[in-house]
Amino acid sequence: MSSENPKDEVYDVNSLTSLEKLEPVRIRPGMYIGSTGSRGLHHCIWEILDNSIDEISNGFGNKASVILNEDGSVSVTDNGRGIPTEIHPIKKINGVEMVFTQLHTGGKFNNRVYKTSGGLHGVGAAVVNALSKWMEVEIKRNGHIYAQRFEYAYDKFLKKDMPGTPVTSLEVIGDTDGTGTKVTFMPDEKVFSTVDFNLDTIEERLRELAFQNKGITLKLVCKWPGSEMEKEYHSERGLLDFIEYLNESRTPLNKDPILFEGEKKIGELNMKGEVCVQFTDSTSYHIASYVNNIPTTESGTHESGFKAGMTRAFKEWSKKLNLAKEKDKEFEGDDLREGMTAIVKIKISNPIFEGQTKTKLGNTEAYTMMNDLSYTKFCEWIEDNRDMASIIINNALNAASRREKIKKINEAEKKKVGRGTAPLAGKIAVCTLKDSSKCEFIVVEGDSAGGSAKQARDRRFQSIMPSKGKIMNTEKQKLENVLGSEELKIFNTAIGTGILKNYAEKDLKYGKIIILSDADVDGYHIRALWMTYIYRYMRQLILNGHLYIALPPLYKVYKQRRGKDVTKYAYSDGQLSKAKKEVGAGALVQRYKGLGEMNPDQLWETTLNPETRTLQQITIEDAVKAEKMISLLMGDVVAPRKNYMYKYAEF
């Protein structure tokens with residue numbers, strides 16, 4: 001019998017466990033794809049698609065497709081060389097079986113076959129196989145079409161069920177003149193919390209890849225009943241088309257974007273960098289960075305090198321152009337980048353990523369290369385475009401002045417908190433718990449609902465801030481106006497972190513920031529306004545997983561049965577019929593028009609109680625898409641927003 005106390009257990013060789021073949025992936029999927037939610041689900045497509053793009057990037061093939069099949073599976077096809085099908089001399093199994101059943105197998109560990117690649121650990125294809133119910137692979141190569149199927153099935157050698165088990169041998173099923181690979185996989189609902197793919201997410205990724213690889217053709221085909229579609233993505237101008245797409249809802253300052261590229265070899269590393277920059281009238285900046293076509297959402301050395309080289313060039317020229325006076329406060333990199341949209345991509349023969357999901361580059365050589373390239377090219381551009389460069393430098397100096405104002409305001413607000421004179425009294429019902437990680441700050445729409453929430457909350461860990469209607473649209477406002485907003489001052493003081501560059505995670509007073517608004521159009525608008533403010537001024541709250549949306553119910557379904565009240569809540573029209581069935585014949589339905597209609601007990605049970613409420617965590621799965629949507633929906637340019645609204649009017 002095993003003891004419940006680990007100290008009582010004997011630690012010897014019998015305590016050691018060895019996982020076989022693809023079992024480690026199945027046991028710890030988060031180590032390989034980041035999560036088992038929607039993000040990890042889509043990461044499976046990216047792993048297979050990246051292999052196709054690697055073929056194309058290295059000059060083999062020019063087309064790839066993602067096909068969403070009617071049964072919920074996904075197929076990825078390309079016209080590359082096709083996976084080798086021959087028997088490996090040492091492993092004694094065919095190349096397809098090696099790639100899809102053995103970790104750390106591939107042709108990318110040296111630079112003989114692939115000069116650059118996104119896949120470099122040799123685990124992507126095998127990981128997707130391990131996390132699928134089944135997978136089918138078709139190879140066009142050597143004049144034949146080969147096929148093999150894998151399943152979560154009984155392994156006769158290991159005598160147990162195993163992920164990614166070959167259930168057929170590699171068979172010739174036809175002849176062909178072409179080459180290429182087709183991989184079809186069915187994600188396993190036992191692994192993922194959702195197996196519903198998002199069309200917009202896939203479309204955005206294919207569009208990005210087409211922009212980065214000009215001249216290639218990517219296709220998205222959806223065969224879902226009622227959602228059938230087929231769309232191609234192709235770009236002849238590459239990053240110029242990309243930056244035009246990103247700035248669709250902004251007004252550019254330099255009509256012609258700054259575009260440059262360069263190559264360098266440091267040691268054994270071959271690197272090629274490409275940059276496209278355009279300044280706009282926005283008060284924020286956005287950098288989309290990539291390594292070997294893979295988005296590096298956590299930046300890395302290539303992005304840091306670009307920033308350093310750009311700042312160095314503009315600082316030198318600010319003195320040459322007599323724009324930086326001695327009495328002026330010198331601008332910093334963030335000041336210079338205000339209003340900038342940039343695309344920074346690098347192809348590197350042996351990238352060092354942090355983790356299998358490849359969101360941050362670590363090569364120091366990439367910093368050196370991009371720093372030197374950016375400095376040289378920006379200096380050349382400034383010399384040829386002195387008038388526009390002067391506008392950009394003056395904007396940076398003005399931004400530096402505003403930054404100093406923000407710093408003083410933040411320091412003044414912190415002093416107010418210390419003296420107890422900050423504008424919180426009567427506005428916020430503060431919780432009593434000292435452990436900030438367990439505390440929640442809940443912004444509630446309206447005084448009426450705020451009053452109910454104050455009564456309903458758990459005073460130990462829940463603070464309530466009633467929001468007076470709609471805050472300003474901070475996407476359209478000057479920084480001075482945002483800083484002057486009384487309601488945003490209250491919010492900032494309560495959260496404690498500061499904003500923009502002054503943001504300090506260590507000063508955060510709450511583990512969860514929750515926005516609670518009515519389930520109607522006005523409520524959604526209020527939610528969007530708060531999320532826009534947080535995305536622009538306190539983005540780390542989202543990146544570090546602190547921002548949530550509380551989902552209040554739309555309906556109360558109830559009746560009295562055998563002297564007892566039976567109540568169910570429905571959070572959507574789709575849940576209403578299910579709630580009616582659960583309550584039974586004679587069920588009564590109350591449609592909530594707003595949070596103010598709920599008494600404190602109902603508000604606690606449905607929306608505030610951690611045991612029964614529904615919270616949606618806000619994440620930035622695709623930084624490019626998030627940036628685009630915020631500027632499109634909340635920015636000054638009307639035409640793109642109108643087009644979007646017409647397209648999704650029914651939604």
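Q: Is R250 buried or exposed?
A: In this predicted model, R250 is buried, because its relative accessible area is 9% and the cut-off for buried is under 20%.

Q: Where does R250 lie?
A: R250 lies in a loop, the one that runs between helix 7 (239-246) and strand 10 (258-266).

Q: What lies 3.3 Å from a polar atom of the R250 side chain?
A: That is the backbone oxygen of L246.

Q: And which residues is R250 in contact with, leaving aside neighbours within four places in sequence?
A: With those neighbours set aside, R250 is in contact with T280, S282, T341, R536, E627, S631 and V637.

Q: Changing topic: where is V191?
A: V191 is placed in the loop between strand 7 (180-187) and helix 6 (199-212).

Q: Buried or exposed, that one?
A: V191 is buried, with a relative accessible area of 14%.

Q: Which residues does V191 touch, not counting those up to four places away in sequence?
A: V191 touches R26, P29, T36 and L131 on that count.

Q: What about I406, which helix is it in?
A: I406 belongs to helix 11, which covers residues 386-419. I406 is buried, and its relative accessible area is 4%.

Q: Which residues does I406 touch, again not counting residues up to four places away?
A: The residues touched by I406 are L479, L483, I499, L500 and N502. For N502, the C-alpha atom is separated from that of I406 by 8.4 Å, and the two residues are 96 apart along the chain.

Q: Now the helices: how do the axes of helix 14 and helix 15 cross?
A: The axes of helix 14 (residues 486-495) and helix 15 (residues 521-537) come within 13 Å and cross at roughly 60°. Helix 14 is therefore oblique to helix 15.

Q: Right-handed or left-handed crossing?
A: Helix 14 passes helix 15 in a right-handed crossing.

Q: Which residues make the contact?
A: Helix 14 contributes E487, L488, F491 and N492, while helix 15 contributes W530, Y533 and I534.

Q: How does the contact of helix 14 with helix 15 divide by class?
A: The residues in this contact are five nonpolar, one polar and one charged.

Q: On to the backbone: what is the phi of N142?
A: N142 is not a glycine, yet its phi is positive, at about 55°. N142 is found in the loop between strand 3 (132-141) and strand 4 (144-155).

Q: Is N322 buried or exposed?
A: N322 is exposed, with a relative accessible area of 57%.

Q: What share of the residues is buried?
A: Of the 651 residues in the chain, 51% are buried.

Q: And what share of the contacts joins residues at least 24 apart?
A: Among contacts between residues at least 6 apart in sequence, 69% join residues at least 24 apart.

How values were computed:
Residues numbered from 1 in each chain as written. Predicted model: local features only at pLDDT ≥ 70, side-chain atom pairs only at ≥ 80, totals over all residues. Heavy atoms only, no water. Helix = DSSP H or I, 4+ residues; strand = E, 2+ residues; numbered from the N terminus. Buried < 20%, exposed > 50% of the residue type's maximum accessible area, 1.4 Å probe, protein only. Polar contact = N/O pair within 3.5 Å; in protein donor to acceptor, adjacent residues only side chain to side chain. Contact = heavy atoms within 4.5 Å. Axes fitted to C-alpha atoms, helices over the stretch in contact; angles between N-to-C directions. Parallel < 35°, antiparallel > 145°, perpendicular 65-115°, else oblique. Left-handed = near helix turned anticlockwise from the far one by under 90°. Nonpolar A, V, L, I, M, F, W, Y, C, P; charged D, E, K, R; others polar.
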